[in-house]
Amino acid sequence: MTATRVLITTDYLRPGDEVDEFLRISGLETAHLPMTGRRDPEQLVAALAGFDAALVANEPLTAGVLARAPRLRVIVRTGVGYDSIDVAAAARLGISVSNLPGINANAVAEYTMGLLLAGARRLVQSAHGVSQGAWPRADGRELRGSTLGLIGYGASARAVVPLARAFGMSVICSTRVPARLRDDPSVAFVDLPELLATADYVSVHTSLTERTRGLLGEAAFERMKPTALLINTARGPIVDEDALVAAVRAGQIAGAALDVVSEEPLPPGSPLRGVEGIVVYSHLAGQTAEARAAAGRRGAEELVAALEGRARFRVN
């Protein structure tokens, strides 16, 4: 009888670790092929050959790639977003796709507050200036008394709310979550134009869909305060990067802290490079030891469950 084989591409999972041991105890044969940087489709096709299931990070599993993986039955994403996977194509091919909703919400929320503080107090600019032999002394701003606008009301946005309130911020939110699920009386729910015009800090926490692709573009930046800071820990393509660069250079908004960009890693010729007021980070919001450990464990459990036909977090 042929063993059920699992490919693990998430780069922080290793042979012999807790996840690997759990999968092997469950009767599965594992193989590790950590993938970082840009993933070539042919590389992915070759990697998936002969595997029944895959535990993956952000690999672009397109319809073309999936069609050439005839044994594949289960994909589990060790994170929340799954826009890199063609879930409709997977469904047509009989492949179950799962994510791990809320798995890194606390990590993302704390990181969001870190970006808020760094932007408000210009910490990156100060440290860079000192490293270059200067001694920057520009005024920062306090978070207390300001308004934080959350775009989206999923697990990470909900986790931000008590942290922001602890800093004395007012919180407003634009979301398509049904009213019955808007269960925090400390949050004022408004439409997006009002949020953009009101917020001192706009933090993106929505998923990437055709509706949200390019959601924050020229028209959105024109509505924002000239002192406003944009924070994006969700998905890069939600922000029109050319429009953002133009808005920051024109003084329409004060700046942006981006943990995610449209193309990762950030290419050398990106227009985001070298723009005063825009700081780009390397997609770290959910990357804590605690969140990674939880994602590995829950991802392995979901993979075993999906192979047995009892997936809990299937998205297709």
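Reader: What makes the backbone oxygen of Gly81 and the side chain of Arg77 a polar contact?

Author: This is a predicted model, and in it the backbone oxygen of Gly81 lies 2.7 Å from a polar atom of the Arg77 side chain. The cut-off is 3.5 Å, so the pair counts as a polar contact.

Reader: How do you know that Arg77 has no salt bridge?

Author: Asp83 is the nearest side chain of opposite charge, and it's 6.9 Å away. A salt bridge has to be within 4 Å, so Arg77 goes without one, even though Arg77 is buried.

Reader: What makes β3 and β4 a pair?

Author: They share four bridges, in the parallel sense. Two bridges are enough by definition, so they qualify. β3 also pairs with β1, again parallel, over three bridges, and there Ile8 stands opposite Leu55.

Reader: Which way do the side chains of β3 point?

Author: Ala53 and Leu55 point one way, Ala54 and Val56 the other, and all are buried.

Reader: Why are β8 and β12 called edge strands?

Author: The open sheet of seven strands runs β8-β7-β6-β9-β10-β11-β12, with parallel pairing. β8 and β12 each have a single partner strand, so one side of each is left without a neighbour in the sheet.

Technical notes:
Residues numbered from 1 in each chain as written. Predicted model: local features only at pLDDT ≥ 70, side-chain atom pairs only at ≥ 80, totals over all residues. Heavy atoms only, no water. Buried < 20%, exposed > 50% of the residue type's maximum accessible area, 1.4 Å probe, protein only. Lys, Arg positive; Asp, Glu negative; His and termini not counted. Polar contact = N/O pair within 3.5 Å; in protein donor to acceptor, adjacent residues only side chain to side chain.
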